[in-house]
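Reader: I would like to learn how to read a protein model. Could we go through one, feature by feature?

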Amino acid sequence: GINAEYMGDFYSHYKITPQVDWLEGELRKSRAPWKFIITHRPVFSSGDKHGSSLHMQTALMPLFRKHNVTAVWSGDDHHLEVLMAQGIPYFITGAGGGQSVRKIRKPARASLFATGVYGFTFHTLNTTHLQSWLVNTSGLPVFHHSLRR
């Protein structure tokens with residue numbers, strides 16, 4: 001099975017605590033082998049608008065490790081990126097449209113690939129692998145990532 005949890009925006013210490021408490025409760029209950037987290041703001045990012053959030057890393061990474069989170073998806077920074085931190089892939093998929101695609105600042109240390117083009121992520125999952133592609137608007141994959149469970 002799959003367990004997916006969404007965390008909304010939090011811009012301050014005051015808003016993060018209730019969400020972290022809620023998320024910990026949900027992850028503690030989950031027996032799913034695949035645990036996915038979706039956030040609005042990125043935990044890690046090479047984007048030039050928000051970038052990585054030390055605040056979110058401090059609050060969430062211990063929880064992700066403790067409960068064996070498989071992968072994390074975020075938007076908000078408008079580009080495509082895959083980052084790997086402490087064995088967990090972080091996907092930035094904020095390049096679907098709307099506001100203009102943003103530039104990549106100096107790549108984050110955890111970045112495996114980043115590009116400031118419109119596009120989307122595509123994923124397949126079976127009992128042993130999460131396969132992920134970053135795809136541009138021509139439908140061409142620009143990066144592939146594979147995670148074995």
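**Reading the model**

Author: Start with one residue. At 58% relative accessibility, K29 counts as exposed. Buried means under 20% relative accessible area, exposed means over 50%, and partly exposed lies in between, with a 1.4 Å probe and protein chains only. The model is predicted, so local features need pLDDT of at least 70 and side-chain atom pairs count only at pLDDT 80 or more, while totals for chains, interfaces and linings use all residues. Residues are numbered from 1 along each chain as its sequence is written, and side-chain values use heavy atoms, with hydrogens and water left out.

Reader: What share of the residues in the chain is buried?

Author: Of the 149 residues in the chain, 48% are buried. The accessible surface comes to about 7700 Å², and carbon and sulfur atoms hold 54% of that surface. Such areas come from the Shrake-Rupley method with a 1.4 Å probe; for residues, only the protein chains shown count as cover.

Reader: How many helices and strands does the chain have?

Author: Helices (H or I, at least four residues) and strands (E, at least two) are DSSP runs, numbered from the N terminus. Here there are two helices and nine strands. Along the sequence the pattern is β-α-β-α-β-β-β-β-β-β-β.

Reader: Which residues of the largest nonpolar core touch the most other members?

Author: A nonpolar core is a set of buried Ala, Val, Leu, Ile, Met, Phe, Trp, Tyr and Cys residues joined through side-chain atoms within 4.5 Å. The largest one has 21 residues, and F44, F64 and Y90 touch the most other members. Helix 1 (13–29), helix 2 (54–66), strand 4 (80–85) and strand 5 (88–93) each supply at least two residues of this core. Helix 2 gives the most, five residues. Apart from this core lies another, of 11 residues, including W34, W73, F91 and L147.

Reader: What does Y90 touch?

Author: A contact means heavy atoms within 4.5 Å. Leaving out residues up to four places away in sequence, Y90 touches a set of residues including F44, M61, F64 and L83. Across the whole chain, 57% of the contacts with a separation of 6 or more are between residues 24 or more positions apart.

Reader: How does strand 5 pair with strand 4?

Author: Strands of a sheet pair through backbone hydrogen bonds, either parallel or antiparallel. Two strands count as paired if DSSP finds at least two bridges between them. Strand 5 pairs with strand 4 in the antiparallel sense over six bridges, and L83 stands opposite Y90. Two residues lie between these strands in their hairpin, where Q86 takes a positive phi near 50°. With strand 3 (residues 71–74), strand 5 pairs in the parallel sense over three bridges; there W73 stands opposite F91. Five of the six residues of strand 5 are buried.

Reader: What is the order of the strands in the open sheet of three?

Author: The order is 7-8-9, with antiparallel pairing. Strand 7 (119–125) and strand 9 (141–148) are the edge strands, each pairing on one side only. Strand 7 and strand 8 (residues 129–136) share seven bridges, and a hairpin joins them through three residues. In strand 8, N136 is the bridge partner of G119, and V135 is that of F120.

Reader: Is G119 buried or exposed?

Author: G119 is buried, with a relative accessible area of 8%. This residue lies in strand 7.
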